[in-house]
Amino acid sequence: MKTVASFEIKYLQYLDSDGRLTQKKLPKFAENPDELLKMYRMMSFVRVFDTKSIALQRTGQLGTYASCLGHEATHVGIGAAMRPEDAFFPMYREYGAQFWRGVKPHEVLLFWGGDERGNNFSGPAHDFAWAVPIATQCHHAAGAALAFKLRGEKRAAVSVIGDGGTSQGDFYESLNAAGAYQLPVVFVVSNNKWAISVPLAAQTACETLAQKAIAGGFEGIQVDGNDIIAVRDIMEYALHKARSGKGPTLVEALTYRLSDHTTADDATRYRDKREVEEARKQEPLIRLRKYLTDMGAWDQKKEAKLLEECSAQMDAEVKLYKDTGKPPVASMFDHMFANMPENLLAQRDAAVAEEQQHG
Amino acid sequence: MAKLAMVEAVTAALAYELEHDPAVVVLGEDVGVNGGVFRATNGLQQRFGKDRVLDTPLAEALIAGMSIGMAAMGMKPVAEIQFSGFIYPTVDQMINHAGRLRTRTRGRLHVPMVLRAPSGGGIHAPEHHSESNEALFAHMPGIRTVMPSSPSRAYGLLLAAIRDPDPVVFLEPTRLYRINKQEVEDNGQALPLDTCFVLREGNDVTLVSWGAMIHETMQAAAGLADQGVDCEVIDLATISPIDFETILESVGKTGRLVVIHEAPKNCGVGAEIAATVAEKAIYSLKAPIERITGYDIPMPLFKLEHDYMPSVARVTAGIRKVMEA
């Protein structure tokens, strides 16, 4: 037999877990310390947001919440590479990308606090809301990308799923269509090694998740998802490629879910503590802080000030969240249709009357 | 005015919207150069180009999901599902996303898409090609489900479905695709959604049906008229939301209700109609409500399909039962 096709998967990293550069030449944005500081500030804020959100849930002030602990570089890197006119199709923990795109933290709290108004957010009006049914959003991203392509717009769509999401048919179907139509879309797989309690090895026999792109007929790249320089660089590359009509890319970002799956989960039931401790050494903030410190752009005093600022900003957001009252009952009905049917109007009136009578 | 079969009326409506609205895109399996397996998109790609009429990879969840993404970005996708039994992979996308994106974003995003699919039996098709699944979609909030019963209503209702800013599942009875040609004026005039059509006025009994079963229902009504039973026939047309005002008004007049549908009886759309009439008009009923439907079994292969689908004789017998109660 002869080989009729062969493939390879590339891996990209600039900054190792000790904050040392692994490559001589950096992407242009990374040569500017201000750009790195901007991203570091956002990652730090996301960390504070996450900690305080979990505290809100633990004290009964928030519903079930999906932590993003450990994913900060992947999420902020995606956000920083995208343009406002690009469209974002997240799963349910990409706060760093959303905040970068203008979504307000209290809006995310509203969503996890059980209020749809959180999805009517301040970010780009075309960005999708969270997709809780796993990998369904890959289709939406493909559809948006198809719309951009058909209209000749220089825009791209970005979807994010986890490693578990790569087991879904929706993922493969949309990869296949993106390849067939050469769509301006970037599929990000945030490989955090765990799909609730199921480890990556039980999810797939593949050596990488980036290689799933091969079946779609396009490029898949693996990147250190805890290295924000690598994430942003590869996302800028893939987005530029998409907007220039050169088709889709799959980016596998290697990271680790340092938290439970959500606040309703207890990862100690299925995960070895030592594994988490090892992963903690790889986490994205430590290495960037060290790199910035080594280059003289950061110090402990600045760090303390930043954390104070993040904390104050989060407190203000929590106040906005808490000050938002329960949505009116009528709002459950008001956005079902542009032209509300009579039957629904009658149900709305009955529900509103019930609200007025019983509160 | 041209005489059109229902499938040609569908093509005419698609062509009208493709010509008049640049946001409209037709997509699905084999809808391009082949013009669709039932020829509903016949000639459209040749006329409007490959950027307006797209063949998709063979994946129904993709067709629905991609349409949602396109629609939310301002296009008006009209997607075709090839056969009725292949529509089930779209259910996840339709119920979890198409029907709820507007409300879960409080109106920020919406989904002006149409999911067209053939529906029902009677054409000697292979397995999984003859299903009646309107009740499945009628149960989904945020989605309209529409089923035409004639070429002119197919034309007018499909135009309305495409122009509606929310998702519409448009089920086309394959049994009617090529029978009973009718004068259809290709004038871009839409018919109203959420509205029943009274096809025959009568004072003795209200018959509610839709899709292909309208034809057995009309034949039964004509036969009974010779025997002095005056039937009122209502074409539901929009399966969800149901225009109960028209039905209740009719039952108020006749005092009798028979619902006829091809889909299985259990939790069928007939159950919703019967329950609502019982809730709101039970005191105007002179007889128990009767449902004449398919059985609670999978659609049989075609040797038995006509034993499954309500026949004119079964419909007639059901109406008699109500008249004699």
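**Exercise 1. Work out how many residues of chain A and chain B are in contact, and which elements of chain A take part.**

Start with the count: 34 residues of chain A are in contact with 38 residues of chain B. Here, two residues are in contact if their C-beta atoms, placed from the backbone, lie within 7 Å. This is a predicted model, in which local features need pLDDT of at least 70, side-chain atom pairs count only at pLDDT 80 or more, and totals for chains, interfaces and linings use all residues. Residues are numbered from 1 along each chain as its sequence is written, while chains are lettered from A and ligands numbered from 1 in the order in which they are written.

Next, the elements. On the side of chain A that touches chain B, at least two residues each come from helix H5 (137-151), helix H6 (169-181) and helix H14 (342-358) of chain A. Helices (H or I, at least four residues) and strands (E, at least two) are DSSP runs, numbered from the N terminus. H5(A) gives the largest share, nine residues.

Last, the classes: this side of chain A has 17 nonpolar, 12 polar and five charged residues. The classes go like this: Ala, Val, Leu, Ile, Met, Phe, Trp, Tyr, Cys and Pro count as nonpolar, Asp, Glu, Lys and Arg as charged, and the others, Gly among them, as polar.

**Exercise 2. Describe how the two domains of chain B meet.**

Step one is the bounds: domain 1 of chain B runs over 2-184 and domain 2 over 197-324. Such bounds come from an automatic or database domain assignment. Taken over C-alpha atoms, the centres of domain 1 of chain B and domain 2 of chain B are 26 Å apart.

Now the contact, which takes 26 residues from domain 1 of chain B and 21 residues from domain 2 of chain B. On the domain 1 side, two or more residues come from each of helix H6 (134-138), strand E6 (144-146), helix H7 (151-163) and strand E7 (168-173) of chain B. H6(B) supplies the largest share of that side, four residues. Sort the side by class and you get 11 nonpolar, nine polar and six charged residues.

**Exercise 3. Decide which side of helix H11 of chain A is covered, and by what.**

List the buried residues of helix H11 (residues 284-294) of chain A: Pro284(A), Arg287(A), Leu288(A) and Tyr291(A). A residue is buried if 20 or more other C-beta atoms lie within 10 Å of its own, exposed if 12 or fewer, and partly exposed in between, with C-beta atoms placed from the backbone. The four span an arc of only 95 degrees around the axis, so they sit on the same side of H11(A). That arc is the one made by the directions from the helix axis to the C-beta atoms.

Then look for partners: the buried residues of H11(A) pack against H1, helix H2 (72-81) and helix H9 (228-243) of chain A. After H11(A) comes Gly296(A), with a positive phi near 85 degrees.
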